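Please read this briefing alongside the sequence and the model.

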Amino acid sequence: MSSTVIGAILAVYATVGWAMAAPVETSLRPQARPGSVEVVTRVAAVMPVPARSLRPQARPSGLNTDPEQVTRVATSNPAFDRWIKAFRGRALARGIKPQVFDAAFRNVQYNGDVISKDRNQVEFKSQIWDYLDNAAAPPRVDEGKRALRKYGRVLRQIEQRYGVEQEVVAAVWGLESRYGTRMGTYNMIEALATLAFDGRRGAFFEKQLIAALKILQSGDVSVRNFDGSWAGAMGHTQFIPTSYLAYAVDFNGDGKRDIWSDNPGDALASTAAYLKRFGWIKGQPWGVEVRLPRGLKSTSGSRMPSQWAKLGVVGMNGKPVRDFGSARLFLPAGQQGAAFLVFKNFSVIKRYNNSDAYALGVGHLADRIRGGAPIQASWPRGYEPLSFNEKKEMQRLLRRRGYPLEKIDGLIGPNTRTAIIAFQRSVGLAADGNASKTLLARLKRR
């Protein structure tokens, strides 16, 4: 996505973020940035409201921008054609050259698949633990470690220039586009024009469309290579057009801010530059998992970790957390689940994608890529979850029963959840979509 969020588009991304997009089966944007899984988190009431993302209203909160599966349902639409003619005048008035506009809109048609995705974003609800299961799933962690080895030199250079740890940049990359393998193949102009014409968020998407035309006019990308998610997120770390214009950088010095190419350098550097712009502090963790004492009454406000320790809030090793800076107590599932002391960098990640779930996902994935341990506390799931390999077995059994699953990857995206619910209904189980031991046992029956 992720994932650059994930991050911001409108009122849809506030729950799970935007700057990026994710694939149908692997999207962490609760099939928010398209897919259809809304990540629902419960945060301690004392947590202050985060500052509004400066990501040009990027990713409307909750907006699912799944970039991967493209079914081009482009059809003749006279009203859309008339809208393009009217929009051409507005675009030229904003400085777009006629030849740029005409080249960009050549063969562009109304794309019904884009509207279908936009209309069906909030179908499922996924809890924070489900989100994190996917965010730091074994394949994503392993792929992140391989990415560090393969692009270690450029990531170290980026870290040196911008002061953002390479594991954090890699984690954003991993959540946003699965390390460049899920950048989206929608024609950007067609997708944005369709959404602008549709009118549900017309003003927002017309603004993105103008920005997209400016990107083409700058020469940073060709019309042929100008692809992205159905909702306008682009490149390895899924910037939306206005954010790209404001924050993307030319890291390799070739005169282009190329976030689409096989070389991810510009995209990764742009992500680091973005985080640095909003106050990233090198050496400070995003957060640290902690233990809470029984009967803790004061959970509000910011304190140094040493002060939290006096209240009984300590690291999972039983020792006070280092004084990296002032920290808040973050309880994503209430006092029944894991607890964290979160620092300024947690809020900086939320600038990329204004979502607690997203920031926690990026931070935890970065820790795992670095070799850190899984989250140790248990979550109030209400069911016994499957291991990664058991999830793959569940997917195989669902597909064997005729449910259309494209991938057996152990990641529970919207397609898998749809299949689970359909199977549960077919056998009279509660259709909760949970990948549980009970579900797997039932699937194994003949």
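Is Tyr179 buried or exposed? Tyr179 is buried, with a relative accessible area of 10%, where buried means under 20% relative accessible area, exposed over 50% and partly exposed in between, computed with a 1.4 Å probe on protein chains only. This is a predicted model, in which local features need pLDDT of at least 70 and side-chain atom pairs count only at pLDDT 80 or more, while totals for chains, interfaces and linings use all residues. Residues are numbered from 1 along each chain as its sequence is written, and side-chain values use heavy atoms, with hydrogens and water left out. Helices (H or I, at least four residues) and strands (E, at least two) are DSSP runs, numbered from the N terminus.

**Loop residues with positive phi**

- Tyr179 lies in the loop that runs between helix H8 (166-177) and strand S5 (186-187), and Tyr179 has a positive phi of about 60 degrees although it is not a glycine.
- Gln238, which is likewise not a glycine, has a positive phi of about 50 degrees; its place is the loop between strand S6 (227-228) and helix H11 (241-247).
- Gln238 is buried, with a relative accessible area of 0%.

**Helix packing**

- Two packed helices are described by the angle between their axes and the distance between the axes; here axes are lines fitted to C-alpha atoms, for helices over the stretch in contact, and angles run from 0 to 180 degrees between N-to-C directions.
- Helix H7 (residues 152-162) and helix H12 (residues 265-277) have axes that come within 10 Å and cross at roughly 25 degrees, and H7 and H12 are therefore roughly parallel to each other, a label given to angles under 35 degrees.
- The crossing of H7 and H12 is right-handed, meaning that the near helix is turned clockwise from the far one by less than a right angle.
- On the H7 side the contact (heavy atoms within 4.5 Å) is made by Val154, Leu155, Ile158 and Tyr162, and on the H12 side by Gly265, Leu268, Ala269, Ala272, Ala273 and Lys276.
- Sorted by class, the contact of H7 with H12 has 8 nonpolar, 1 polar and 1 charged residues, where Ala, Val, Leu, Ile, Met, Phe, Trp, Tyr, Cys and Pro count as nonpolar, Asp, Glu, Lys and Arg as charged, and the others, Gly among them, as polar.
- Helix H2 (residues 78-93) packs on helix H10 (residues 202-218) at an angle of about 65 degrees, with the two axes 12 Å apart, and the crossing of H2 and H10 is right-handed.
- From H2, Trp83, Phe87, Arg90 and Ala91 meet Glu206, Leu209, Ile210 and Leu213 of H10, and by class this contact has 6 nonpolar, no polar and 2 charged residues.

**The antiparallel sheet**

- An open sheet of 5 strands, with antiparallel pairing, has the order S8-S10-S12-S7-S9; two strands pair if DSSP finds at least two bridges between them.
- Strand S8 (302-303) and S9 stand at the edges, each with a single partner strand, so one side of each is left without a neighbour in the sheet.
- Strand S7 (residues 287-291) and strand S12 (residues 339-342) run antiparallel and are joined by 4 bridges, with Val290 opposite Ala339 and Glu289 having Phe340 as its bridge partner.
- S7 also pairs in the antiparallel sense with strand S9 (residues 314-315) over 2 bridges, where Arg291 stands opposite Val314.
- Strand S10 (residues 327-330) is joined to S12 by 3 bridges in an antiparallel arrangement, and the bridge partner of Leu329 in S12 is Leu341.
- In a regular strand the side chains alternate between the two faces of the sheet.

**Lys392 in helix H16**

- Lys392 has its place in helix H16 (residues 388-400) and is partly exposed, with a relative accessible area of 25%.
- Lys392 and Lys407 are 15 residues apart in sequence, and their C-alpha atoms are 9.2 Å apart in space.
- Leaving aside neighbours within four places in sequence, Lys392 is in contact with Ile408, Asp409 and Gly410.

Note on methods: Parallel < 35°, antiparallel > 145°, perpendicular 65-115°, else oblique.
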